[in-house]
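Student: Could you take me through the labels given to this model, setting each value against its definition?

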Amino acid sequence: EENYVPDYPVNYSVTLVEFGIKATDNVLLVPNKGVAGLIIVKNINGYLAFDRCSTVNPEKACAVTPDVGGFTATDPCSGAKFSLLDGSPQKDPAKTSLKKYAINIAGNTIYVRN
């Protein structure tokens with residue numbers, strides 16, 4: 001598949017309090033997980049988690065960077081933009097959504113797994 005981000009085992013957890021402290025604009029960046037790190041987002045629909053690896057030339061493992069406001073993220077290698085509401089491509093050359101990971105909240109802890 002074109003623009004395929006490979007599967008890497010992901011098993012990460014963070015408490016809701018820790019998320020609130022460490023997140024900027026309701027976006028938490030987690031290094032050294034997945035392909036290029038994780039990006040965990042809190043929005044009106046709850047929490048979402050994506051791999052930071054851009055789907056534009058994923059073999060380069062270029063990590064997307066959240067834009068001010070936390071609604072989009074930009075691939076610094078290609079200039080592509082992605083929505084942090086659902087991971088969908090927002091600006092060329094992006095054609096494929098960011099890789100999404102499953103989120104489960106138990107008690108006061110957010111679990112990200114695949």
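**Strands, rings and cysteines**

Student: Which residue in E6 stands opposite threonine 65?

Tutor: Threonine 65 stands opposite threonine 74 in E6. Please keep in mind that this is a predicted model, in which local features need pLDDT of at least 70 and side-chain atom pairs count only at pLDDT 80 or more, while totals for chains, interfaces and linings use all residues. Residues are numbered from 1 along each chain as its sequence is written, and side-chain values use heavy atoms, with hydrogens and water left out.

Student: What makes E5 and E6 a pair?

Tutor: Two strands pair if DSSP finds at least two bridges between them, the strands (E, at least two residues) and helices (H or I, at least four) being DSSP runs numbered from the N terminus. E5 and strand E6 (residues 72–74) have 2 bridges in the antiparallel sense, so they count as paired.

Student: Why is one side of E5 and of E8 left without a neighbour in the sheet?

Tutor: The open sheet has 4 strands in the order E5-E6-E7-E8, with antiparallel pairing. Strand E5 (65–66) and strand E8 (89–91) stand at its edges with a single partner strand each, so one side of each has no neighbour there.

Student: Why is the pair of phenylalanine 19 and tyrosine 47 called edge-to-face?

Tutor: Rings of Phe, Tyr and Trp (its six-membered ring) pair if their centres lie within 6.5 Å, with planes under 30 degrees apart counted as stacked, over 60 as edge-to-face and the rest as tilted. For phenylalanine 19 and tyrosine 47 the centres are 5.2 Å apart and the planes stand at 85°, so the pair is edge-to-face. Phenylalanine 19 lies in helix H1 (residues 16–22) and tyrosine 47 in strand E4, so the pair ties together parts that are 28 residues apart in sequence.

Student: How do you know that a disulfide joins cysteine 62 to cysteine 77?

Tutor: A disulfide is a pair of cysteine sulfur atoms within 2.5 Å, and the S to S distance of cysteine 62 and cysteine 77 is 1.9 Å. The torsion about their S-S bond is about 90°, so the disulfide is right-handed.
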